Every structure is written in structure tokens, then in C-alpha cells.
Amino acid sequence: MRLIDRYLLRQLLGPTVMATAALTAVALLSTSLSQLDIIVSQRQSALVFLQVTLLAMPQLINMVMPIALLVAALVALNRLHVEQEIVVCFAGGMSRWRVIAPALRLAAVVTLIALFMNLWVQPAASRQMRETLFQVRTDLASTLVREGEFTEPAPGLTVYAQSVDNGGLIHNLFIHQTKDDGGATTYTADEGRVVKRGDKPVLLMRKGSNQEFSRTGVLNFLSFDEYVFDLSTFLASDELIHYKPSDRYLHELFFPDLEQAWEKQNRDKMLAEGNARLTTPLYNLTFMSFALLAIIGGGFSRLGYGRRIAIIGGAAVAVRILGFIVQAASESEPWVNVLQYVVPLGAMGLALRGIFKQPVSRYIDMRKRPAPIAGLKTA
């Protein structure tokens with residue numbers, strides 16, 4: 001019996017891994033396309049783009065894992081049932097619970113993995129991604145120059161550059177700075193580059209000139225081989241990183257700091273997010289139960305199980321959409337959070353009831369006998 005359990009588990013594990021990888025890749029591609037603005041508009045490196053894309057993976061995996069488990073289970077179970085391997089198990093004296101146990105164990109392991117990712121991996125990755133996006137948005141040095149355009153990255157500062165090569169070298173640079181006392185300074189340089197001196201960003205200009213017009217009407221002219229223009233004064237900002245509910249850990253969602261105005265105002269949303277972290281992994285068990293209901297919950301059919309699979313697939317989609325609706329409703333009505341547990345657990349209970357209600361089919365089509373399970377002795 002243990003050998004058969006391991007065989008059934010192996011038949012389910014392979015398609016589950018492949019389906020999860022395929023759906024995650026599709027979701028990752030969709031997310032990466034939306035993040036292209038980081039490179040195009042913010043002039044960030046491909047490394048930053050890759051970092052932001054990978055940090056979004058934990059949340060994407062949690063979203064696609066129940067769907068992948070459903071698809072993989074339907075494919076594997078349908079093949080096992082069509083080839084009458086499951087019928088052989090029943091004919092050999094295995095109970096219905098013993099046949100579905102490997103699939104439920106696999107779903108339980110996936111549920112625990114999803115719960116671990118929801119409670120620790122996802123908030124840690126989301127925080128890091130939020131910090132990275134904050135640095136990109138507030139990085140004046142990377143958005144200081146747009147080739148062929150006059151830009152105003154800060155009040156009183158106008159910058160123009162003819163071109164910027166792939167190495168970050170700026171050609172034919174023009175900077176005009178207006179001072180608070182009414183004076184103005186104009187810098188021109190053949191080339192420049194944004195670098196860091198210590199921990200401060202500076203613009204290093206070479207082969208240029210400096211024209212300063214004071215408020216008294218005096219014009220000072222200076223040519224230079226190298227000049228350092230400090231950018232730190234334009235980077236001063238009192239903006240702080242704000243963590244959304246999806247970026248917070250479970251204890252922060254259930255026990256917010258009510259002395260903070262934002263957390264007090266959004267307490268219901270944080271409570272809804274906290275309950276969603278605990279309930280979304282349950283959909284892995286629910287969808288596996290749906291797959292078992294579609295294949296094992298009915299009698300054996302030589303014509304296939306396409307109709308039952310289509311009905312169960314539609315029911316799974318309806319249950320997941322209902323879960324999203326309940327989560328959204330709980331953001332304004334805290335008592336609705338109870339339904340976040342009722343929806344997946346209730347659907348799983350109905351699916352298991354349907355599985356055990358159907359009589360066991362022990363009929364074996366002798367014209368299509370299943371191949372012997374590897375490692376088993378036949379009489």
C-alpha cells in the first residue's frame with residue numbers, strides 16, 4: 001500500500017511543479033512588462049529591474065499556486081482514471097480515503113508552504129521592493145539628465161545635455177542655477193558624469209566654463225578642466241517610506257499602532273489583509289478537493305470526464321472570485337472576515353462530501369488493462 005501511495009504521489013507531484021512554474025512565468029512576464037518604466041523613464045539599470053521583478057515573485061506564486069494545483073491534479077488524476085489505475089486500486093481493496101490521501105497530503109504540504117510565504121517571505125520581499133521603488137523615485141541623480149531635453153529636476157535648476165552614452169557619460173552639458181539672492185550661475189562642459197564622492201552624489205564636469213552673474217550686476221567668468229557640482233542640496237526630501245498592508249507582517253496587521261493616524265484610519269483594511277494571509281493558503285486544499293471530486297467523485301466513463309472537469313473548473317473559479325469579493329467587503333465590515341474562512345472550508349467540505357457520497361467503481365475494462373505499477377508483483 002505504501003508503494004502505491006508513493007506512486008500516486010509521484011504522478012501528482014510532477015505536473016504540480018510544472019504547472020506552478022509555467023503559470024508563475026506567465027504572471028512574472030506580465031509583471032515585468034509593467035515594470036519597464038523603471039528602465040525607460042527612471043533610467044535605472046537592468047539589475048534594478050531584475051531585482052524588482054524577482055521581489056514580486058512570492059506574491060505571484062501564492063496567487064497561481066492553487067490554480068496550478070487544480071490544473072495539475074486534473075491532468076494527473078484524469079490520466080490515472082482513464083488508464084484505470086485508480087480503478088485497480090479500488091479493485092485491490094483500497095478505500096476511497098486511502099486513494100485520495102496522497103493528493104490531500106500533497107495539497108497540505110503546498111498549503112503549509114503558501115502559509116509560510118504569506119507570513120514571512122511575501123512581506124519581507126514586498127518591503128524590499130517598496131524600498132527599492134522609493135529609492136528609484138527619489139533618485140534625482142539618475143533622472144537629472146534627459147538627452148536632448150531641458151529638464152527642471154529641482155526648483156531653480158535647469159539642465160540640458162545633447163546625449164548620454166551607455167556608460168553614463170554626458171556630452172555637451174548645460175546647467176543654469178538660480179540663487180535665492182537673485183544671482184544666477186551657468187555651467188557648460190564638454191562632458192560630465194554623475195558619481196559619488198563619499199556618500200554624496202556629485203556631477204563631475206570636465207573641459208567647461210562657469211559664468212556667474214551676481215545680484216549687483218557683476219559677471220564672473222571661469223574656465224576649468226574639472227569641476228565638481230554638488231547635487232546633495234537638491235536631494236533633500238522629508239518624504240518617508242510608507243508600507244502598505246501587503247508589506248506588513250501578520251502581527252502588524254492584527255495589532256496596529258493606533259497612535260498612528262494612518263493605521264487607526266485603515267485598521268479594518270489591515271484586519272482584512274491579516275485574515276486573507278491566513279485563508280488564501282486554504283484554497284490549495286479546496287482546489288485539490290475539487291479536482292478529486294471531478295475525477296473520483298463520479299463513476300467510470302470510457303468517454304472521458306470533460307464535462308465534469310468543465311463544471312468543476314467553473315465552480316473553482318466562482319469560489320475564488322467569491323473569496324476576493326468577501327475580502328474586499330471585509331475591508332469596510334470587519335464581521336465579514338468570518339466568511340473568508342467559511343468560503344474555502346465550506347467549498348472543501350462540499351467537495352469531500354461529494355467524493356464519499358459516490359459509490360466506488362470497481363469495474364475494469366479488460367480491453368484496456370492498465371500497465372503494472374513499477375515495483376509491484378502481479379499474480
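**View 1. K207 in strand β5.** K207 is found in strand β5, residues 200–213 (strands are DSSP runs of E with at least two residues, helices are runs of H or I with at least four, both numbered from the N terminus). The model is predicted: local features need pLDDT of at least 70, side-chain atom pairs count only at pLDDT 80 or more, and totals for chains, interfaces and linings use all residues. Residues are numbered from 1 along each chain as its sequence is written, and side-chain values use heavy atoms, leaving out hydrogens and water. Although K207 is not a glycine, its phi is positive, about 55°. Most residues other than glycine have a negative phi. K207 counts as exposed, at 58% relative accessibility (buried is under 20% relative accessible area, exposed over 50%, partly exposed in between, with a 1.4 Å probe and protein chains only).

**View 2. Q84 in the loop between α4 and α5.** The loop that holds Q84 runs between α4 (57–82) and α5 (85–91). Q84 is not a glycine, and its phi is positive, near 65°. With a relative accessible area of 1%, Q84 is buried.

**View 3. The aromatic pair W97 and F356.** The rings of W97 and F356 are stacked, 6.1 Å centre to centre with 25° between the planes (rings of Phe, Tyr and Trp, the last by its six-membered ring, pair if their centres lie within 6.5 Å; planes under 30 degrees apart count as stacked, over 60 as edge-to-face and the rest as tilted). W97 lies in helix α6 (residues 96–137) and F356 in helix α12 (residues 337–357), so the pair ties together parts that are 259 residues apart in sequence. Both residues are partly exposed: W97 at 48% relative accessibility and F356 at 42%.

View 4. Y283 and F287 form an edge-to-face pair, with 6.3 Å between centres and 75° between planes. The two residues are four apart in helix α10 (residues 282–295), which means a separation of about one helical turn. Y283 is buried at 3% relative accessible area, and F287 is buried at 3%. R320 lies over the face of Y283, 4.1 Å from the ring centre (a charge sits over a ring if NZ of Lys or CZ of Arg is within 6 Å of the ring centre and within 35 degrees of the ring normal). R320 also lies over the face of F324, at 4.0 Å from the ring centre.

**View 5. Q327 in helix α11.** Q327 lies in helix α11 and counts as buried, at 16% relative accessibility. Leaving aside residues up to four places away in sequence, Q327 touches A272, E273, A276 and Q340 (contact means heavy atoms within 4.5 Å).
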